[in-house]
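Subject: Structure handover

Hello,

Here is the structure I promised to pass on. Please open it and keep it beside you while you read my notes.

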Amino acid sequence: NYAPIIVPPSWIVKLPSKGNFKSSIRVNNKNNASNANKKMKNTNKRNKQQQQKEERKEHRAFIVKPIPSTEVIPVIVFINPKSGGNQGVKLLGKFQHLLNPRQVFDLTQGGPKMGLEMFRKAPNLRVLACGGDGTVGWVLSILDQLNPPIVPVPAVGVLPLGTGNDLARALGWGGGYTDEPIGKILREIGMSQCVLMDRWRLRVSPNEDVADDLVDKSKDNVPLNVINNYFSFGVDAHIALEFHEAREAHPEKFNSRLRNKMYYGQMGGKDLILRQYRNLSQWVTLECDGTDYTAKLKDAGCHAVLFLNIPSYGGGTHPWNDSFGQSKAAIDDGLMEVVGLTTYQLPMLQAGMHGTCICQCRTARIVTNRTIPMQVDGEACRVKPSIIEMELLNKAVMLAKRKQGRADVQVNPLEKLQLIILRLSMDQYERYHYDKDMLRKVANKLGRIEIESQCDLEQVRNMLNAKFEESIAYPRVSQDWCFIDCCTAEHYFRIDRAQEHLHYICDIAVDELYILDHEAATMPQTPDQERSFAAYSQRQTQNDRRNIEHGERSGSTGMLLPYANKRMFCHFYYRKKSPCK
């Protein structure tokens with residue numbers, strides 16, 4: 001039932017060990033006997049340069065090369081073994097048993113970046129984050145940092161293993177993993193819907209109008225600068241901070257979800273008696289969409305202020321009352337729900353009560369005049385007097401449990417590649433296949449092509465053949481030409497024509513598409529044939545000459561275009577030297 005999300009073994013391509021790449025070029029004994037000494041000197045220099053480059057690069061044992069298929073919806077799984085009382089350790093082995101082990105990653109071994117980079121070319125890619133809300137935020141932040149970004153952005157699903165799991169509740173995945181069959185979870189992930197979720201940016205700057213109160217362990221910035229779930233300051237952030245510090249001091253005491261919630265309740269009862277943040281409205285100024293709401297905080301006697309991006313908070317409570325405001329709260333409406341809470345209202349949230357609804361806003365500005373505990377998605381710290389500005393960052397694509405009446409979000413269409421077509425002869429390829437820079441210099445530029453990144457090489461071949469036949473702007477090439485892979489390894493490699501349906505164009509080309517013309521050396525080189533390479537070279541030379549003469553007349557000294565080969569240079573040189581009749 002979950003077969004479509006399994007990565008086929010044929011996608012995993014093993015790479016040779018360092019420096020063990022074998023060339024497929026046929027050896028010509030005559031050329032080797034005459035040029036052996038020259039090649040030895042050149043190869044020694046190049047080998048030293050290559051060794052230096054290889055030492056800087058991290059070697060990978062395998063790569064992922066997706067095969068075009070409409071039936072495969074690959075899901076890569078990121079597991080945090082430390083979440084939810086170490087449930088992730090057991091799930092890691094179960095996922096590796098049911099799926100391809102290469103699509104399951106332990107987040108303690110380098111984070112999610114390696115897995116996302118490895119599967120960036122996989123079509124219809126989805127991500128399953130197994131952990132708490134912090135694990136999901138980690139994956140989303142890495143997706144933001146990837147350069148170039150993955151297009152289209154993969155949708156992210158959640159398997160809740162944390163304490164609160166509010167994001168998983170908002171997306172319909174429940175409040176925690178309860179030993180359900182992994183096969184059932186994978187089937188639901190394969191059938192899930194794509195929805196959008198707002199993400200918000202926090203910009204923090206020091207409040208220079210107020211002196212630092214020198215509170216111990218205070219910081220200049222919030223723990224996270226991107227909000228996925230909620231942001232708050234006051235008594236609830238104080239409880240979250242004490243929980244975090246206690247767990248760091250004694251991690252063995254926080255190995256179950258129930259025990260973690262009991263600790264939260266204990267600290268909440270302590271603050272209920274002490275009422276440390278009863279004067280919170282005197283320490284902050286709140287402005288939402290240009291309107292000052294500080295007086296409303298003072299009238300409500302708020303001990304905490306909460307900014308909600310999702311309806312769930314604190315392990316499944318709903319502080320926002322849907323009857324308040326102009327529209328019902330949603331995770332993709334571009335609005336933040338601002339709620340005020342007192343120490344008495346915090347425990348009543350567990351009984352289904354709501355907080356004091358302040359407003360819905362698109363931007364907010366908070367000014368503090370003393371150190372106050374703040375939390376972002378459960379990560380808390382003490383922040384010095386600051387000016388905090390909040391605004392919408394972007395919308396993330398998330399996986400939600402399928403519901404009737406809710407339509408799927410259409411993911412951004414694939415971008416088209418703009419590729420320069422470069423032609424190589426067999427002689428050039430045999431000489432410089434190990435030197436990418438030299439091959440780029442000697443290759444003949446045939447033109448440009450615009451193509452979708454998910455086209456396989458068979459489709460690209462048909463498009464190129466049509467251009468070669470129909471347009472005189474392209475020279476005629478032989479029927480035995482083949483593609484060259486310039487991305488997979490440290491050398492260039494030919495692609496077997498029988499395997500072209502197994503490769504995407506984005507697998508072998510980034511900005512330049514190389515083709516190898518086997519019969520280029522035996523083609524006629526007379527200018528009488530309009531579609532020959534000689535005629536094509538003559539047209540290029542004429543265009544270059546016009547550009548040069550135009551630059552001389554205008555007095556500008558621009559950069560001259562390089563000549564394609566020695567014959568072109570001689571043709572242009574002697575035409576200019578010959579006397580005019």
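S218 counts as buried, because its relative accessibility is 17% and the cut-off for buried is under 20%. Keep in mind that this is a predicted model. S218 sits in strand β8, residues 218-219. Leaving out residues up to four places away in sequence, S218 touches T371, R382 and K384. Look at T371 in particular. S218 and T371 are 153 residues apart along the chain, yet their C-alpha atoms are separated by 7.1 Å.

Now the whole chain. Its secondary structure comes to 17 helices and 24 strands. Of its 581 residues, 45% are buried. Take the contacts with a separation of 6 or more: residues 24 or more positions apart account for 77% of them.

The largest nonpolar core has 60 residues. V77, F95, L116, F119, L171 and M398 touch the most other members. Where does this core lie relative to domain 1 and domain 2? Both domain 1 (3-13 + 60-195) and domain 2 (200-396) give residues to the core, so it lies between them. Another core, of 43 residues, lies apart from it; I227, Y313, L346 and L349 are among its members.

L171 deserves a click. Not counting residues up to four places away in sequence, L171 touches V158, V195, I331, M398, L399, A400 and K401.

Then find two helices, α2 (residues 87-98) and α6 (residues 182-190). Their axes come within 11 Å and cross at roughly 70 degrees. That makes α2 roughly perpendicular to α6, because angles of 65 to 115 degrees count as such. The crossing is right-handed. On the α2 side, L91, K94, F95 and L98 take part; they meet I182, G183 and L186 in α6.

Last, some backbone details. Most residues other than glycine have a negative phi, and most peptide bonds are trans. Here are the exceptions I noted.

- The N147 to P148 peptide bond is cis, with omega near 0 degrees.
- The V151 to P152 peptide bond is also cis, with omega near -5 degrees. P148 is in the loop between α4 (133-145) and β6 (155-160), and P152 lies in the loop between α4 and β6.
- N124 has a positive phi, near 55 degrees. N124 is in the loop between α3 (113-118) and β5 (126-131), and is partly exposed at 47% relative accessibility.
- D179 has a positive phi, near 60 degrees. Its place is the loop between α5 (166-170) and α6. D179 is exposed, with a relative accessible area of 61%.

Best wishes

Note on methods: Residues are numbered from 1 along each chain as its sequence is written. This is a predicted model: local features need pLDDT of at least 70, side-chain atom pairs count only at pLDDT 80 or more; totals for chains, interfaces and linings use all residues. Side-chain values use heavy atoms; hydrogens and water are left out. A nonpolar core is a set of buried Ala, Val, Leu, Ile, Met, Phe, Trp, Tyr and Cys residues joined through side-chain atoms within 4.5 Å. Buried means under 20% relative accessible area, exposed over 50%, partly exposed in between (1.4 Å probe, protein chains only). Domain bounds come from an automatic or database domain assignment. Contact means heavy atoms within 4.5 Å. Axes are lines fitted to C-alpha atoms, for helices over the stretch in contact, and angles run from 0 to 180 degrees between N-to-C directions. Helices (H or I, at least four residues) and strands (E, at least two) are DSSP runs, numbered from the N terminus. Angles under 35 degrees count as roughly parallel, over 145 as roughly antiparallel, 65 to 115 as roughly perpendicular and the rest as oblique. A crossing is left-handed if the near helix is turned anticlockwise from the far one by less than a right angle, and right-handed if clockwise.
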